[in-house]
Amino acid sequence: MKRYTREELRLKLQQRLDAKLPILACEAGVGLTAKMTQKEDIDLIFITTAAMFRMRGLDDSNALKAYGCANEDTWEQVRRMNRVIREVPVVAGISANDPRLVLDEQLSLYEHAHVSGIINSPSVGPVQQSMRRDFSNTDDMGICVEKDMLKYAQERDFFSVYQAYFEHDALDFAAQKPDMIVINMDYSVEPGANPETYRDHDRFPEFYYRMFNPAWMEDVDGCLRAMQDLYERIKAISPETFVLVAGGPFIEMENVRSLFRQTDLDGILGGVLLEENVIRESIGKHQAALQSIRIAEGE
Amino acid sequence: MGELNRYTRKEVLERLNKKRSEKKPIIASGAGAGLIGKVLDENGCDLIFSYCTGAFRMDGYMSHFGMLPFLDCDEDSVVFGNRLMRVVKNTPIICGIGAGSPTAHTEVLLERFIDGVGYAGVINVPIDPYYPERPGCTRGMFGERCSRDDAVLRKSVENISIAHKRDVFTSAYCFTDESIRMFGDAGCDMFIPHLGFTAGGTNGAVLDTSQTFFESEMERLARMVELCRSVNPDAICVVHGGVLADTDSIAKGIRASRADGYVGASGTERIPVEQGITQVMRELRAIRKR
């Protein structure tokens with residue numbers, strides 16, 4: 001890996017935008033994804049446990065459950081990909097709310113591995129509302145801890161990336177002038193998935209505050225308008241912050257094209273788009289081809 | 001929650017022999033990540049292999065790293081197998097077992113693999129690395145030392161023999177005629193004539209690309225399959241590696257050798273994934289902002 005200072009990285013990304021090219025970032029759960037996207041000139045590689053779980057064939061919501069220490073797992077992922085990633089700047093996740101986290105130690109590890117940026121991943125964003133509602137003492141946990149962590153990382157010259165699950169969090173964080181905000185739509189929904197599955201969340205009103213609106217799976221234009229609106233509001237607070245989007249309807253190439261045709265968003269972070277769906281499709285097609293081989297010619 | 005995906009030796013053999021009787025190729029594949037296992041399972045793959053080269057391959061490194069002291073191959077079979085068992089619903093999973101582990105007896109390993117994790121069988125991976133004429137295999141002094149009196153090969157064969165006596169499904173990568181005979185005597189259920197590390201993609205073996213070489217590899221494969229048949233006419237025989245890297249060459253390889261099918265690792269996971277990601281990245285890079 002190669003370490004970039006915040007300034008170098010900001011400059012590199014700005015050059016893309018000046019050339020009217022969107023910033024392309026990939027969330028890699030295995031080194032092969034990092035390697036192949038690197039060959040095709042990707043701008044940023046994110047290393048998170050969400051991608052790790054997706055590559056295990058599991059739902060990425062496991063990244064927010066007690067099936068491993070996220071900080072240790074992310075470090076393990078960084079080690080695994082340390083040699084395969086050469087030139088592309090890497091952003092690694094830190095689970096800031098972990099009470100056993102020694103932030104300086106984790107940042108130093110990443111620094112030694114030449115990681116250039118930090119993202120608040122896994123984030124307690126998706127469970128914050130329920131925690132606030134159900135527990136009395138939540139002062140020292142939640143999104144606020146993630147904000148402090150990123151502020152400190154930024155002071156140590158790490159490119160800071162804040163992934164926001166809620167609109168108000170995105171705007172709140174913009175005031176801290178991070179280097180990048182990723183609007184995380186939370187659910188990357190398979191094409192053709194039954195929207196009813198996602199409407200189950202009607203039973204949990206707090207989910208309404210999330211960035212992702214199930215209706216957007218059918219109404220992509222509505223989603224694009226909402227994204228442009230949020231983009232403008234973030235940029236009004238912090239014009240220097242790069243704004244990317246991840247997940248939701250943007251796991252389909254056609255919607256990604258519409259995103260850059262109809263909005264000013266700076267780029268896209270592809271996890272399902274660039275890894276999971278590609279692997280599903282390539283392996284599926286290849287298996288079908290192999291299974292249709294006829295054992296003897298003419299039979 | 002589904003029930004555990006467990007198969008006895010008899011059930012694995014029935015499953016594979018059904019394919020043979022239908023005159024359809026047996027397609028088996030390594031899985032270097034859980035998602036690969038899951039997708040193979042959903043797409044009707046006949047057999048999935050889990051062994052220590054997989055994770056390196058899926059991280060963009062050479063499969064050969066799985067044979068160097070970067071991890072404990074048998075521990076990897078346990079950890080990785082548990083994860084695969086969680087996402088693979090219908091396909092039997094076969095695990096790699098090292099030759100001559102310094103940390104545990106074969107019987108103890110088999111208990112962990114078969115009774116513990118729930119694997120359906122074993123395969124001799126990491127392979128005996130000393131075959132001077134095959135690409136990617138250990139040469140020189142170290143190779144000589146590993147292969148002294150066929151030490152590694154004999155231990156591999158011993159593993160297969162112990163597993164067979166325990167009525168566990170057994171399979172073996174075979175590089176030489178001698179190894180085919182030895183694994184055959186040990187009761188191996190599935191021979192996999194191996195042409196060396198797979199060519200193609202970003203980390204492939206460097207092979208002669210001429211038609212003459214391809215033809216000679218086809219003949220070599222046919223001879224090896226014929227020998228497998230003569231050693232044990234009932235055994236399943238599938239081919240692997242070397243020039244067998246794309247659908248076309250795999251089809252030619254199966255037909256030329258009259259094998260029962262193909263086992264891929266690089267050929268069925270690494271290369272298709274590399275091609276898929278490259279294509280999607282190119283589509284994305286073609287997009288301009290408004």
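**Strands S7 and S8 of chain B.** I began with the sheet of chain B and found that S7(B) and S8(B), residues 261–264, run parallel and are joined by two bridges. The model is a predicted one. I looked up the bridge partner of B:Val239 in S8(B), and B:Tyr262 is that residue. I then followed the chain from S7(B) to S8(B): with helix H10 of chain B, residues 247–257, the two strands make a right-handed β-α-β unit.

**The other neighbour of S7.** I turned to S6(B), residues 190–193, which pairs with S7(B) in the parallel sense over two bridges. B:Phe191 has B:Cys237 of S7(B) as its bridge partner. Here too I noted a right-handed β-α-β unit, made by S6(B), helix H9 of chain B (residues 211–231) and S7(B).

**Faces of S7.** I asked which residues of S7(B), residues 236–239, are buried on each side. B:Ile236 and B:Val238 are buried on one side, B:Cys237 and B:Val239 on the other, and both faces of the strand are covered. I set beside this the rule that side chains in a regular strand alternate between the two faces of the sheet.

For A:Cys144, which is in no disulfide, the nearest cysteine sulfur is that of A:Cys69, 20 Å away. A:Cys144 counts as partly exposed because its relative accessibility is 32%. I recorded B:Cys228 as buried, because its relative accessibility is 1%.

**Helix H1 of chain B.** I checked the length of H1(B), residues 9–21. Its 13 residues should span 18 Å at 1.5 Å a residue, and its end C-alpha atoms are 18 Å apart, so the two agree. I listed the buried residues as B:Arg9, B:Val12, B:Leu13, B:Leu16 and B:Lys19. Seen down the helix axis, these buried residues fall within an arc of 120°, so they line one face of H1(B). The general rule I had in mind is that an α-helix has 3.6 residues a turn, so residues three or four places apart point the same way. B:Lys10, B:Lys18 and B:Ser21 are exposed on the other side of H1(B).

I next asked what the buried residues of H1(B) pack against. In chain B these are strands S1 (26–30), S2 (47–50), S5 (169–174), S6 and S7, together with helix H7 (151–165).

**After H1.** B:Lys23 follows H1(B) and is found in the loop between H1 and S1 of chain B. Its phi is near 60°, a positive value in a residue other than glycine. I have B:Lys23 down as exposed, because its relative accessibility is 52%.

**Helix H7 of chain B.** H7(B) has 15 residues and reaches 21 Å from its first C-alpha to its last, close to the 21 Å expected at 1.5 Å a residue. I found B:Val152, B:Leu153, B:Ser156, B:Val157, B:Asn159, B:Ile160, B:Ser161, B:Ile162 and B:Ala163 buried in H7(B). Just after the helix, B:Asp167 takes a positive phi of about 60°.

**Cis peptide bonds.** In chain A I noted a cis peptide bond between A:Ser121 and A:Pro122, with omega about -5°. A:Pro122 has its place in the loop between strand S4 (117–119) and helix H6 (125–134) of chain A. In chain B a cis peptide bond joins B:Val125 and B:Pro126, with omega about 0°. I placed B:Pro126 in the loop between strand S4 (121–123) and helix H6 (140–146) of chain B.

**Chain A.** I noted twelve helices and eight strands in chain A. Of its 299 residues, 59% are buried. Among contacts in chain A with a separation of 6 or more, 70% come from residues 24 or more positions apart. I also looked at A:Asp41, whose phi is positive, near 70°, in a residue other than glycine. A:Asp41 lies in the loop between helix H2 (31–39) and strand S2 (44–47) of chain A. Is A:Asp41 exposed or partly exposed? A:Asp41 counts as partly exposed, because its relative accessibility is 40%.

Conventions. Residues are numbered from 1 along each chain as its sequence is written. Chains are lettered from A and ligands numbered from 1 in the order in which they are written. This is a predicted model: local features need pLDDT of at least 70, side-chain atom pairs count only at pLDDT 80 or more; totals for chains, interfaces and linings use all residues. Side-chain values use heavy atoms; hydrogens and water are left out. A disulfide is a pair of cysteine sulfur atoms within 2.5 Å. Buried means under 20% relative accessible area, exposed over 50%, partly exposed in between (1.4 Å probe, protein chains only). Helices (H or I, at least four residues) and strands (E, at least two) are DSSP runs, numbered from the N terminus. Two strands pair if DSSP finds at least two bridges between them. A crossover is right-handed if, with the strands pointing away from the viewer, the path from the first strand over the helix to the second runs clockwise. The expected span of a helix is 1.5 Å times one less than its number of residues. The arc is that of the directions from the helix axis to the C-beta atoms. Contact means heavy atoms within 4.5 Å.
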